[in-house]
Amino acid sequence: MEKPDTVEHIEQHSSSDSEKVAAQPTYPVNEEDYKVTLKTWIVVTILASAYGVSFWIVPAIAVISTPVATQLGDPTAGIWFTSLYTICNAIAFMICGANSDLFGRRWFLIMGNVLLFAGHLMCGLAKNGTTMIAGFAIIGFGAGNAQLAAFALPELLPNKWRHISITIADLGTWVAVVVGPIAARYAIAGEPGTWRWLFHAPTIGSFLSVICLYFLYFPPQHPRGLPFKDALKELDYIGGALFILAGTLILVGILYTQIIPSSSPKVIGLLVSGFVALFGFIGYEHFAPNLKQPLTPTHIFTKDKGREFTFPFIVGFVVTMFYYMTNIVYPTQCAVFFLKETSTIKESVLLSLPSNLGLVFGEILLMVFGTPLGHWKWTLTGSVAIMVVFGALLGLGDPSRKVMMMVFVFISQMGFGWAQMLSITFIQFGVPQVELGVSGGLAGVSRFAGGAIAISVYTTILSNTLSSSMLRLIPAAVLPLGLPASSIPALLAALPQGSAALMKVPGISTTIAAAAGGALQQAYVHALRTTALSSLSFGIIAIVSCALCNDIGKKMNEKIEVFLENDEFADRNRFH
């Protein structure tokens, strides 16, 4: 069978002014003319490494945030560490991702790694919780820029490898999610201050990334073909300000739901004002006259009734929510059902492996079998369905089903690994190349804002259900055994603190303590089952959205969208 004479571009007609700029003729277009050079592979390696460094601290600090904050003198500061990272990352992804279409990716990626260097250095040397919080804000904003590699890397490789190149960009996170939590547990159990090396290592890594990117990474400076001064004039200043305001207020409001009651005036005020700003942002982006370079062009959401971009975006958003649901339910099961006070770090680490290895295995499966299987829309639908079904089946967990839960979480995360990478592929192919930064920014928002929303939703469900179950089950278990009713409040407060606190409750005995512990586990069984099953509503939305997506098979062609300007094929770039 003969190869086609030309290779179809993924670019589609757009009404944006940026595409009306006169462009040079695009280089051709025989399949054999598209070659990946050695220098490109070196840059790909650097971008992937920088991405991994930017994410390293999230899974590492997540398991030890409270002990680290306690060592720094403020145990309450721990909740802000990864939360601020998420907030600043989502904002940077949206603002800087979209504007990298105007000003090129180079300096966004370099400055992002500079901020990673500064933030990790600050946290590694921090003497108090406030400094650590400020450092995480800097790391988060820097990571949002460094992680533009999620689309800066794939555009350097053939479109037919898009799912593979997105996974290559994510390779560094494999080390983060598998090794990070293990290293953190051993670091916090070691000599005081050993945990600081969790920050010193990425400080060194980000410094090396800056040097390598500065000397080797030269993509086109004007991806939309607009001169710098014109791009500066047409920048969406008001939209950017509204998004930053809305994103900050909403995400901080969501965070506060984990600290204070959701009915608090502070939470309500933050969320209401945040959503007012968000609706203002949406209205401005859609109705503002003479807005030439919007952060979120309306046409990408409405194209083909949402089948090109909007439905893939919904899938990406919900897939991220499932990741966080799994990482709330399963670790809680491990802590409450499967681990004891005498359990070793090794036992804890072994229980964490199925979740992390499942994710990695799913991404490997996509890289190996994605192209041979084809039928991209249906493999996306299938992987999401696997993630949803086995994630919900975590609701069957109880103290006697450890192996079952380990298998279910592995399979669910395997589906997640495939679905996440492939949903990002759909999102990137849902826009013209000149708006790749817009889609990449929105994909980043879906990952991190979706995560923040998921954490709030699922922790609220878990907390509320657990409280009501404890009040119903624990008194019924201990009062017939002789515990005074007046000791119930003290018992409820002591149960989460362990056996030492429990034995100080007035009127307690070994028999009563055992009964209370069993009732607490049953309360967790009910609460975790409710939390896991609640994810089905979001999962059904994701599965339906998968079925409504356009297939991307025709876009998986030989074309390379962007060549390095300091490489031999620079003349093939449409814009320079």
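A crossing is left-handed if the near helix is turned anticlockwise from the far one by less than a right angle, and right-handed if clockwise. The exercises below apply this to a predicted model.

**Exercise 1.** Which hand does the crossing of α1 and α9 have, and at what angle do these helices pack?

*Solution.* Start with the elements. Helix α1 covers residues 38-55, and helix α9 covers residues 171-189. Their axes lie 7 Å apart, at an angle of about 30°. Angles under 35 degrees count as roughly parallel, so α1 is roughly parallel to α9. Now the hand: α1 passes α9 in a right-handed crossing.

**Exercise 2.** Describe how α15 packs against α16 and against α22.

*Solution.* Take α16 (residues 345-373) first. Its axis comes within 9 Å of the axis of α15, and the two cross at roughly 160°. Angles over 145 degrees count as roughly antiparallel, so α15 is roughly antiparallel to α16. This crossing is right-handed.

Next, α22. Helix α15 (residues 310-338) packs against α22 (residues 510-548) at about 165°, with axes 9 Å apart. The pair is therefore roughly antiparallel. Here α15 passes α22 in a left-handed crossing. Finally, sort the contact residues of α15 with α22: 19 are nonpolar, seven are polar and none is charged.

**Exercise 3.** What span should α22 have, and where is its kink centred?

*Solution.* Then look for a bend. A kink of about 30° in α22 is centred on Phe 538.

**Exercise 4.** Which residues does UniProt assign to the MFS profile, and how much of the span is helix?

*Solution.* Read the record first. An unreviewed UniProt entry places "domain: Major facilitator superfamily (MFS) profile" at residues 40-487. Now turn to the model. Residues 40-487 are 77% helix and 0% strand. The end C-alpha atoms of this span lie 68 Å apart.

Notes:
Residues numbered from 1 in each chain as written. Predicted model: local features only at pLDDT ≥ 70, side-chain atom pairs only at ≥ 80, totals over all residues. Heavy atoms only, no water. Axes fitted to C-alpha atoms, helices over the stretch in contact; angles between N-to-C directions. Helix = DSSP H or I, 4+ residues; strand = E, 2+ residues; numbered from the N terminus. Parallel < 35°, antiparallel > 145°, perpendicular 65-115°, else oblique. Nonpolar A, V, L, I, M, F, W, Y, C, P; charged D, E, K, R; others polar. Bend = angle between axes of the 7 residues up to and from the residue. UniProt positions renumbered as here; feature names shortened; annotations may be inferred.
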